[in-house]
Each structure stands twice: as C-alpha cells, then as structure tokens.
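I opened my notebook to look up a few things in this structure.

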Amino acid sequence: MALTMRLTTADGIIVQAAYIKIKSITVFQDEEGNGHVTLELSVWKNAASRAGGDRRLQTPDLDKFKFPFDLGADIGAMSLHAAAYGLLKARSAFTGASDA
C-alpha cells in the first residue's frame, strides 16, 4: 500500500507523482485512556525511484502525523494499514492523493 500525489517540497520543487509509503505505525493509549496513532512516512519522487533504491525526498511537513484513534471503531473490518492510509487521505495535506 502507498499513496501518490502532487506535492511541493520545502525547497519549492514540484513533484508530480510523489510516492508516499507509511514507514511505521505506532498505536498507543495515554494515561487518560485516549487512543492515538502516530504514522511515520517516507516520500520518493515516484514509484520507480523507490523501486530503484533512490534516496527519499526530504519532506519535513509530511514526515510524521499523530491522530486520535480508537482501534475498534476506526478500523472495523479493514487492516491497520488500510485504516492508516485512510486517516492520511482525510487530511488537507493529502488532498488529491490516490492509492498507488
């Protein structure tokens, strides 16, 4: 699973088909019993760059996201990865993102 989308890097470079993959998913519960999920992302110029072993893009605005999360309610019948990508696509930073 991954996403593709057009993005502009912090250096102002426009990437037409950036390939975004979740590197890690951390699900935890705080002292008050509230669930959270933290997603760490890796971004490449495109899918071919990732497949070819190219270096990831430096995208500090897209490196890490934290969401409130209820493991039972937010996942339902889907996998944790599918739910995590759904959370990303619901954020304004991922407007126009599509499944890769």
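**Aromatic pairs.** I counted the ring pairs in this predicted model. The count comes to 3 aromatic pairs. I looked up Tyr19 and Trp44. Their ring centres are 6.2 Å apart and their planes stand at 55°, so I noted the pair as tilted. I then checked where the two residues sit.

I went on to Phe65 and Phe67. This aromatic pair is stacked, with 6.4 Å from centre to centre and 25° between the planes. Are these two buried or exposed? Phe65 has a relative accessibility of 7%, so I put it down as buried, the limit being under 20%. Phe67 is at 7% as well and also counts as buried.

**A charge over a ring.** I returned to Trp44. Arg50 lies over the face of Trp44, 5.4 Å from the ring centre.

**The sheet.** I traced the strands next. In what order do the 5 strands stand? The order is E4-E3-E2-E1-E5, in an open sheet with antiparallel pairing. I marked E4 (64-68) and E5 as the edges. Each has a single partner strand, so one side of each is left without a neighbour in the sheet.

I followed one pairing further in. Strand E2 (residues 14-29) pairs with strand E3 (residues 35-44) in the antiparallel sense, over 10 bridges. On this pairing I noted Ser24, which stands opposite Glu40 in E3. Then I looked for a helix on the sheet. H3 packs on it and touches strand E1 (3-8), E2, E3, E4 and E5. The direction of H3 makes about 120° with that of E2.

**The salt bridge.** Asp99 forms it with Lys89, and the closest N and O atoms are 2.9 Å apart. The pair links distant parts of the chain, 10 residues apart. Asp99 belongs to strand E5 (residues 98-99), and Lys89 to helix H3 (residues 80-89). I checked how open the two residues are. Asp99 is exposed, with a relative accessible area of 53%. Lys89 is partly exposed, with a relative accessible area of 33%.

Definitions and conventions
Residues numbered from 1 in each chain as written. Predicted model: local features only at pLDDT ≥ 70, side-chain atom pairs only at ≥ 80, totals over all residues. Heavy atoms only, no water. Salt bridge = Lys/Arg side-chain N within 4 Å of Asp/Glu carboxyl O. Helix = DSSP H or I, 4+ residues; strand = E, 2+ residues; numbered from the N terminus. Buried < 20%, exposed > 50% of the residue type's maximum accessible area, 1.4 Å probe, protein only. Pairing = 2+ DSSP bridges. Contact = heavy atoms within 4.5 Å. Axes fitted to C-alpha atoms, helices over the stretch in contact; angles between N-to-C directions. Phe/Tyr/Trp six-rings, centres within 6.5 Å; stacked < 30°, edge-to-face > 60°. Lys NZ or Arg CZ within 6 Å of the ring centre and 35° of its normal.
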